[in-house]
Structures are given as structure tokens and as C-alpha cells.
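Me: I have a structure open and want to go through it with you. Can we keep it short and plain?

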Amino acid sequence: MTDGVSQARGSFWSAWASLFASSGTLVCCAIPALLVALGAGAALSSLVSVFPQIVWLSEHKEALFGVAGVALAFAGWLQWRNRTAPCPVDPGLRDACLRTRRVSLRVYLASVAVYAAGGWFAFVQPLLA
């Protein structure tokens, strides 16, 4: 039998992993598009000269979004599975369990928003231009 604390901890770390994976979509697509839209092409040029990996990420954005999407789907599945997991009876542990569950849900929703913003700039915005 599994306890709710270990399940909540697992969904907490998967939410952070999905945030890390989806933040790559911002780096490859959203931040460069935002800099160009704001007329900061020189800043983008400096950013690319310091971090040339941005170009590689942009060239492989389909794979990047695929990996981030799989990470988000897995984290979402863990969030859904653990939403009704039991928490300990002890008041301190119960409060920690419920707090961890709320924080992991917020982190997961933030990672979905980051993924959506990156997807907008990578795939939708170029079609509108």
C-alpha cells in the first residue's frame, strides 16, 4: 500500500520536471520572437552569440515540443492520479501533504501556460504573419 505523502512528492517533482521541459519551448521560440517584436534584434543577436544553443533548439523545435508534451502529459497524469490520494492523519503531515499537492498543481498549470506560450510563438504566430 502506498502512502499519500510519497505520491504527492512524486507529482510535485514531476510538475517541476515538466516546468523545466516546457521552459525550453520559451527559450527556443517565445523569447526570440518577443525580442524581435519589440525591436530588440541586436539584443537577440547578442543572446545568440553568448548562447549559440538557442539556434539548435530553434532548429529542432518539433522534437523539443514533443519531449515537453510527453513530460506534461506524464505530469498531468500523475496530478490526476494523485488528486484523491490519502494524506496522513497527523495534522502537521496532513497540512504538508495538502500544501505539496496545491503547489504541485500550480507548478503544473504554470508549465502548461509556458508550453502554450511557446507553442503559440513557434507554430501559430508564424502562420499569422
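Me: Which side chains meet in a salt bridge?
Reply: Those of D95 and R94, at 3.6 Å, N to O. A salt bridge here is a side-chain nitrogen of Lys or Arg within 4 Å of a carboxyl oxygen of Asp or Glu.

Me: What should I know about the model first?
Reply: The model is predicted: local features need pLDDT of at least 70, side-chain atom pairs count only at pLDDT 80 or more, and totals for chains, interfaces and linings use all residues. Residues are numbered from 1 along each chain as its sequence is written, and side-chain values use heavy atoms, with hydrogens and water left out.

Me: Back to salt bridges. How many does a search of the whole structure find?
Reply: The search finds 1.

Me: Is D95 buried, exposed or partly exposed?
Reply: D95 is partly exposed, because its relative accessible area is 39%. R94 is partly exposed too, at 34%. Buried means under 20% relative accessible area, exposed means over 50%, and partly exposed is in between (1.4 Å probe, protein chains only).

Me: New topic. How many disulfides are there?
Reply: The count comes to 2. A disulfide is a pair of cysteine sulfur atoms within 2.5 Å.

Me: Which cysteine does C28 join?
Reply: C28 joins C29, with S to S at 2.2 Å. Both C28 and C29 are buried. Their link is left-handed, with -55° about the S-S bond.

Me: And what is C87 joined to?
Reply: C87 is joined to C97, S to S 2.1 Å.

Me: Why is that disulfide called left-handed?
Reply: Because the torsion about the S-S bond of C87 and C97 is about -65°.

Me: Where do C87 and C97 lie?
Reply: C87 lies in the loop between α4 (61-81) and α5, and C97 lies in helix α5, so the pair ties together parts that are 10 residues apart in sequence. Helices are DSSP runs (H or I, at least four residues), and strands are too (E, at least two); they are numbered from the N terminus.

Me: Is C97 buried or exposed?
Reply: C97 is buried, with a relative accessible area of 4%. C87 is partly exposed, at 22%.

Me: What is the pairing in sequence order?
Reply: Number the bonded cysteines of the protein chain in that order, and the pairing is 1-2, 3-4.

Me: On to rings. How many aromatic pairs turn up?
Reply: A search of the whole structure finds 3. Rings of Phe, Tyr and Trp (its six-membered ring) pair if their centres lie within 6.5 Å; planes under 30 degrees apart count as stacked, over 60 as edge-to-face and the rest as tilted.

Me: Which residues do ring pairs link into a cluster?
Reply: F65, Y115 and F123.

Me: Where does F123 lie?
Reply: F123 lies in helix α5, residues 91-128. F123 counts as partly exposed, at 33% relative accessibility.

Me: Which residues make the nonpolar surface patch?
Reply: W120, F123, V124 and L128 make the patch, about 360 Å². Patches are made of residues with over 30% relative accessible area and no salt bridge: like charges are joined within 9 Å, nonpolar side chains (Val, Leu, Ile, Met, Phe, Trp, Tyr) within 5 Å. Accessible areas come from the Shrake-Rupley method with a 1.4 Å probe; for residues, only the protein chains shown count as cover.

Me: Last one. How far apart in space are L109 and E62?
Reply: L109 and E62 are 22 Å apart, C-alpha to C-alpha, and 47 residues apart in sequence. L109 lies in helix α5.
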